[in-house]
Amino acid sequence: MTKPGQSIAAVTLAALMLASCGGGGGGGNGGGAPVTVTPTPSPTPTPTAGCGLAARQGFAKAVIDEWYLFPGDVASGVNPASHGSVQSYIDALVAPARALGKDRYFTYITSIAEENAFFTSGSSAGFGVRMSYDQSIQRVVIAEAYEGAPALAAGIDRGTQILAIGTDSGNLRTIASIVAAEGLDGVTNALGPNDPGVTRLLRISDAGGTRDVSVTKADYDLDPVSDRYGAKVISEGGRSYGYVNLRTFISSADPQLRAAFQGFRSQGVTDVIVDLRYNGGGLVSTAELFGDLLGRGRSASELFSQTSYRPSKSAESRRHFFTSQPESIAPTRIAFIATGSTASASELVINGMLPWLGTNMTLVGDNTYGKPVGQIALDKPACDDRMRVIAFSTGNADGPGDYFGGLAPKITNSCAAGDDLGFPLGDAREASVRTAIDFLAGRSCSARIAAAASGAAARSKAAPQPAREMLVPARPSAAQRELPGLF
């Protein structure tokens with residue numbers, strides 16, 4: 001089989017498939033309308049004959065010409081000399097597809113080294129938190145804090161409010177004043193670059209009161225399944241419910257997911273809560289493993305997912321049938337927790353289970369982002385350039401996916417619920433977890449998810465801004481694209 005990259009000079013194949021968010025996610029009620037962001041350009045390499053701007057632009061154009069999923073929606077006659085960067089040139093080429101809502105900044109140039117570090121181990125630099133902005137109180141609120149990272153070590157955790165940011169006590173600025181003067185970009189700028197050693201003084205408020213905390217950014221590895229709440233069994237009313245929270249689809253998640261499901265299997269758990277509320281996507285291979293771990297009751301002839309390329313690349317299209325693993329369980333009911341930050345590989349898992357469980361599964365929380373397409377990665381190693389190009393669509397046993405407007409319209413018994421930052425993730429008192437347990441216990445929910453609460457309708461500029469949205473910098477890193485709100 002021809003592999004991506006064989007017909008493009010000086011290009012090597014990276015991970016074949018990535019179903020990532022690419023365009024960032026928002027956070028109204030924990031999800032909300034995704035924020036459009038500009039992908040991070042790869043670092044400008046030392047100009048050489050092979051890494052000058054024209055050569056790098058030519059590489060991007062060759063990838064698009066050969067692999068882009070929507071070849072009829074690529075602009076013709078775009079002059080590369082009119083663009084001062086590779087990304088600007090890419091944006092002009094795929095502008096027609098973006099105008100149709102098919103490619104919301106999913107095609108971009110990035111750094112090979114940066115991406116490899118993240119997708120292998122979740123390596124990143126920063127405070128190690130997911131930040132949201134709550135306009136009702138004009139404060140930044142922490143949605144999640146990662147173990148082994150500077151913020152949690154400083155006592156900053158889910159629900160902590162950031163009132164002001166500065167480099168010392170003499171220049172602290174309130175979040176409200178920053179937003180009034182510069183908008184949300186001012187907040188992300190005030191937080192500084194995600195480089196080790198960058199220090200900020202944060203005025204925070206939590207159950208312990210209001211205080212100033214100095215936090216220095218550092219390198220850390222993101223644990224995809226938290227040791228605190230990532231996998232657990234919740235016992236209530238004489239029944240046991242499995243809970244698994246996957247932060248991102250990276251290769252280091254695979255053994256952790258296996259361990260989580262082995263625990264469920266050994267305890268006879270068949271009712272499961274899968275919490276993907278902040279998961280922006282990642283590797284398709286990890287999504288397929290997730291499906292396998294939920295597929296003990298499925299036969300090897302039953303289809304979990306399918307990926308389809310453009311007609312000229314149809315030989316690359318593939319299907320993944322359920323492959324039972326030693327740790328697999330046969331779920332009776334599944335409640336998927338989602339928000340507008342739930343995208344791509346996360347949606348692939350939800351969509352893949354829908355034909356097999358029907359009304360025995362539900363979507364809890366908010367509508368998903370809506371990305372039934374994925375990228376392949378093609379590299380120009382001499383320039384540290386990785387081209388992420390939309391090359392395939394995803395589907396399930398019922399056929400191709402068509403949920404650009406999110407998955408809520410596909411799941412008739414969805415259950416609307418909030419993202420209650422007042423409780424830890426995985427806590428039975430937290431609003432979305434509580435609603436998920438109620439569904440698994442056979443109780444009805446009070447409200448369905450409105451299709452327009454997220455997805456395509458909420459991405460309209462005319463749509464009202466959510467009360468709470470994830471902070472996304474103008475130029476997100478590889479980690480920030482997969483984990484909207486990460487700092």
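These legends describe close-up views of a predicted model.

**View 1. The largest cavity and its lining residues.**
One cavity of 30 Å³ or more is counted in the predicted model. The largest cavity has a volume of about 40 Å³. Its lining includes N245, L246 and R247, together with the run D275, L276, R277, Y278 and N279. E144 and L425 also line this cavity. Sorted by class, the lining residues of the largest cavity are four nonpolar, two polar and four charged.

**View 2. R468 in strand β24.**
Strand β24 covers residues 468–470 and contains R468. The relative accessible area of R468 is 11%. R468 counts as buried because this value is under 20%. From R468, the side chain reaches the backbone oxygen of D419 at 3.2 Å.

**View 3. The largest pocket and the residues nearest its centre.**
The largest pocket holds about 480 Å³ of space. Its lining comprises 23 residues. Nearest the centre of the pocket lie P193, N194, R475, S477 and Q480. By class, ten residues of the pocket lining are nonpolar, eight are polar and five are charged.

**View 4. Helices and strand that contribute to the lining of the largest pocket.**
Helices α4 (112–121), α7 (184–190) and α13 (478–482) each supply at least two residues of the lining of the largest pocket. Strand β4 (123–126) likewise supplies at least two residues of this lining.

Terms used
Residues numbered from 1 in each chain as written. Predicted model: local features only at pLDDT ≥ 70, side-chain atom pairs only at ≥ 80, totals over all residues. Heavy atoms only, no water. 1 Å grid on protein atoms, 1.4 Å probe; cavity = no way out; pocket = protein on both sides within 12 Å on 5 of 7 lines; lining within 4 Å. Points joined across faces, edges and corners; volume = space filled by probe spheres on them. Nonpolar A, V, L, I, M, F, W, Y, C, P; charged D, E, K, R; others polar. Helix = DSSP H or I, 4+ residues; strand = E, 2+ residues; numbered from the N terminus. Buried < 20%, exposed > 50% of the residue type's maximum accessible area, 1.4 Å probe, protein only. Polar contact = N/O pair within 3.5 Å; in protein donor to acceptor, adjacent residues only side chain to side chain.
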